[in-house]
Amino acid sequence: MIRLDHLSKLYSGRAVVEDVSLTVETGQIAALVGTSGSGKTTLLRMINRLVEPTKGRVWIGDTDAAKIEPHLLRRRIGYAIQGHGLFPHRTVGENIAIVPRLLGWREAEISARIDELMQLFDLDPAVYRDRLPHALSGGQQQRVGVARALAARPELLLMDEPFGALDPVIRAKAQDDLRAIQRQLGTTLVIVTHDMEEAIQLGDRIAVMDKGRLLQFAPPSEILTAPATPFVEALVGAAERPFRLLSLSTVDALREPGEAPGTPINPDTSLREALALCLWEGRAALPVSGGGIVTLAALQARAEGASR
Amino acid sequence: MRFALPPLSALSPTGLLFAATGAIGLWLPLVQFKPNRIVAGQGVDLIAALPGPAGWAVALGMAAILALGLAAGRGLGLRLGLAVLGLGLSLFALGLAARGLMPEGNRMARVSPAAGFWLQFLAFALMATDALARLRPGIRTRAAILAGAVAAGTGVLASGWLDRTSVMIEYAARAEMFSRSLWQHLLLAFGSLGLAFIVGLPLGIAIFMARPLRKPVLTLLNMLQTIPSLALFGIMIPIFGWVAAHVPGAADLGVAGIGPFPALMALFLYALLPVVSNTWVGLSSVSPAVRDAALGIGMTPAQVLRQVELPLALPVVLAAVRIVLVQNIGLAVIAGLIGGGGFGSFVFQGLNQTAMDLILLGALPTIFLALVAGIGLDLVIETLSRQKHRSTP
Amino acid sequence: MIAKLFLTLAAALLAALLFTPESFTEVFRPLTHNNAPPIYLQTSLLRLTLSHLALVGIAVTASTLVAVAGGVLVTRPAGREFLPLARTITSVGQTFPPVAVLALAVPAMGFGAGPTLVALFLYGLLPVFENTLTALSTLPPSVLEAARGMGLTRRQRLWQVELPLALPVILAGVRLTAVISLATATIGSTVAAKTLGEVIIAGLLSANPAFVVQGGLITGLLAILIYEAFQRLESWSAHRAGLIRPQ
């Protein structure tokens, strides 16, 4: 569990972050969203003390972060950033080994950990372990960046726009992978993004920030259906909202008995994709694999219900 | 009365450096008094060197300036003003010491600036440089400052205040030779630059247009640069001596194995590489789109070269002028060793006679010329490349 | 390929000149007249070369150590106040003619190897310092941020990240310093330092071009070989720093 307690940061008298309090439960993902200059990155960097808070406290479990030497604190917390920040002069394996080495792990243990993480992230150790980062693709570099952040089994992982440098196609895949790995490891995750779509996709809870203040901290469905302020509403995008809400549920939820022609779709398909498919192919209903159908009418009703 | 020491954070770290340098300068002897120009002298410190209470007054003044420079966060303009005042004070002290210490009617004795003077001067010069670097003045202001500094330097020398110091006495004894050396030095530096442009500009254009020529030409010019200056100057003597004696008409054109000609040729050879390679680099950096557009509106290749490519390459070509001029003003000193004239004759004469003041008489103006040429040309290049950026967004 | 052959030839020629100078007697004879000796024999060329290289080596090592330390210092928070001054001094200082610096060292140091060493040291500081400064202030910010975020201490960041990544550019500065020093050291012989300049000056004084060519040739070959060696070192270190994509 991590708890931010009335955190503020002032630069020459001007508040960049003002009186932010929030709690992220163990194993959950919190997404910090806001426009640039909203203070979301500063807030994140105060957690591992890359920025010292002017006021307030950070609690990691029962420990006050201010009571630990900054560099020792940072070794306990995973950190992954946009453009990955891999050391260009170290191989993939050496990059992953950085924090375990700083913590004085035994070499055999480090080596096993490198292989374990590389396999987890779908990188064949035999092929990639001894390569330098520049010999990897953008997506691979990004995965090594996250693997490196997780190397010393941190209880908490901080990510600052980790997918910012990826093209949209790979980004979706990277988000799915991250979500799966986070669930598997049970790591608490705080991620900064300017992309509401990404926040909805990843966050168990979303913190919306503007001008240094925390406007709303709530689960995605609540952010979408009950935005706390006009700013939050604008950020979500009023017109897009019904569709975003649709992307939260799967076809399974609207499945009804019946028959329809065509290839059955997977029950895990999001409602949004199903709606898109109906409209695209001009069909009134789609078959769902495992029996039943989902109808265009039901999808539209759900979308309209959401917009009210 | 009690003084509270300011907290350490209120002290400027650079101010500490200047104050330490200046303080050592105040402590070391200001000048050396020598019964004649060759023997080692005796150091005289600031207090003793100036008549009556003047020594104390100057020392306190300098200490006050250095102390004011210690306070962090003072106005930069004020710092600059204080530094210039300090420079003036140290020159004032030097002149006054020379006037006071030189025995009336004694033409053998010398009063030379010693470590104390140099360190004081250095401390204030650094202080001024620091203030200027932080002020980040615009191009015009910098040009005005450069002109002002040159005028101030010339003014101080022309005023006669320093006439009794050793270097100026050496100068007085050789005033005519000094101006001849100045002209020779400038002729060597600028003449070799001019020759390098007459030959190098077409050569640079040639290797830009004819690719296969590029590698051999640049390799050859690069190898010329590896020959140590001393050897290149030396080998020019027999080569051009032979040419003057055996090639009909060569001697009438001024070719000779003695005098400034071999030195001029050596400097010319060193200057070729920067001119040729910068011309080539400048031309290659012109965007192909601009070239296409020029050809597209019906310009001939010669017109494109003259009206488009060369003007756009100008800042890079001018950078070569700076490199060559600064380098050749320095290297021209070597000419003094092979009888080619210039300020080098003073330097090497001074080294031969172990007459330190004579060395200074040759070295100081050389450094001055190189500095003014370097800073001045930097300003010109900056102005031109800004204009270029403005006209091609 | 041609470059490699050329370098091998240069190295072979240099070795032959240094170890068996007499075998070049007939090569240099046409450059002499009045039966002057074609080969400089007062001091062995090998000894002069070694003393020349020692002088340059000591000066370059010292200026590299001091300049890199200085470059590191002014890029730390504690030394940042010195940055504007340091930048100006390096750009202005490089316009100082090396010969003038050498001449000015004589009044302070007397004759011999001392003033040459001091002049080479002072002059050599600038290129290394400038390159160190450039290299350390243009490192990729994301790498530095990641290093800090992972909990590397200041010292660990300097030694494990900043210096290894800056190395290729710093080495380029050392190369420049070494080549300039090699040439300037010959002038040191005018103030009685034992360098290859002695051969050239002997040639100038006795009007014997053979000596001038010998001294110049050996120094030039040394310069080419040192330049080349540094370039190899640079590309090796750039490769190691992961800065160059293997083609």
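Buried means under 20% relative accessible area, exposed over 50%, and partly exposed in between, using a 1.4 Å probe and protein chains only. This is a predicted model, in which local features need pLDDT of at least 70, side-chain atom pairs count only at pLDDT 80 or more, and totals for chains, interfaces and linings use all residues; side-chain values use heavy atoms, with hydrogens and water left out. Residues are numbered from 1 along each chain as its sequence is written, while chains are lettered from A and ligands numbered from 1 in the order in which they are written.

**View 1**
Most residues other than glycine have a negative phi. Look for A:E161 in the loop between strand 7 (156-160) and helix 7 (168-185) of chain A; helices (H or I, at least four residues) and strands (E, at least two) are DSSP runs, numbered from the N terminus. With a relative accessible area of 11%, A:E161 is buried.

**View 2. A:N95 is a buried residue in helix 3 (residues 92-102) of chain A.**
The relative accessibility of A:N95 is 0%. Contact means heavy atoms within 4.5 Å. Setting aside neighbours within four places in sequence, A:N95 is in contact with A:L86, A:F87, A:R90, A:P133 and A:R148. As a guide to distance, the C-alpha atoms of A:N95 and A:V16 are separated by 33 Å, and these residues are 79 apart along the chain.

**View 3. Aromatic rings pair up in chain B, with B:F117 and B:W118 as one example.**
Rings of Phe, Tyr and Trp (its six-membered ring) pair if their centres lie within 6.5 Å; planes under 30 degrees apart count as stacked, over 60 as edge-to-face and the rest as tilted. Searching the whole structure gives eight aromatic pairs over all chains. The ring centres of B:F117 and B:W118 are 5.2 Å apart and the planes meet at 65 degrees, so this pair is edge-to-face. B:F117 is buried, at 4% relative accessible area, whereas B:W118 is partly exposed at 35%. B:F240 and B:F261 make another edge-to-face pair, 5.1 Å centre to centre with 80 degrees between the planes. This pair links distant parts of the chain, 21 residues apart: B:F240 belongs to helix 10 (residues 229-246) and B:F261 to helix 11 (residues 260-284) of chain B. Both B:F240 and B:F261 are buried.

**View 4. Helix 14 (residues 344-353) of chain B is largely enclosed by the rest of the structure.**
Seven of its 10 residues are buried: B:G344, B:S345, B:F346, B:V347, B:F348, B:G350 and B:L351. After helix 14 comes B:T354, which has a positive phi near 45 degrees.

**View 5. An arginine sits over an aromatic ring in chain A and in chain C.**
A charge sits over a ring if NZ of Lys or CZ of Arg is within 6 Å of the ring centre and within 35 degrees of the ring normal. In chain A, the charged end of A:R205 is placed over the ring of A:F217, 4.8 Å from its centre. In chain C, the charged end of C:R175 is over the ring of C:Y227, 4.8 Å from that ring's centre.

**View 6. C:T195 is a buried residue in the loop between helix 8 (154-187) and helix 9 (197-205) of chain C.**
Its relative accessible area is 0%. A polar contact is a pair of N or O atoms within 3.5 Å; within protein, one must be able to donate a hydrogen and the other to accept it, and residues adjacent in sequence count only if both atoms are side-chain atoms. Such a contact joins the side chains of C:T195 and C:S189 (2.7 Å). Beyond neighbours within four places in sequence, the residues in contact with C:T195 are C:L48, C:S51, C:H52, C:L55, C:A185, C:T186 and C:S189.
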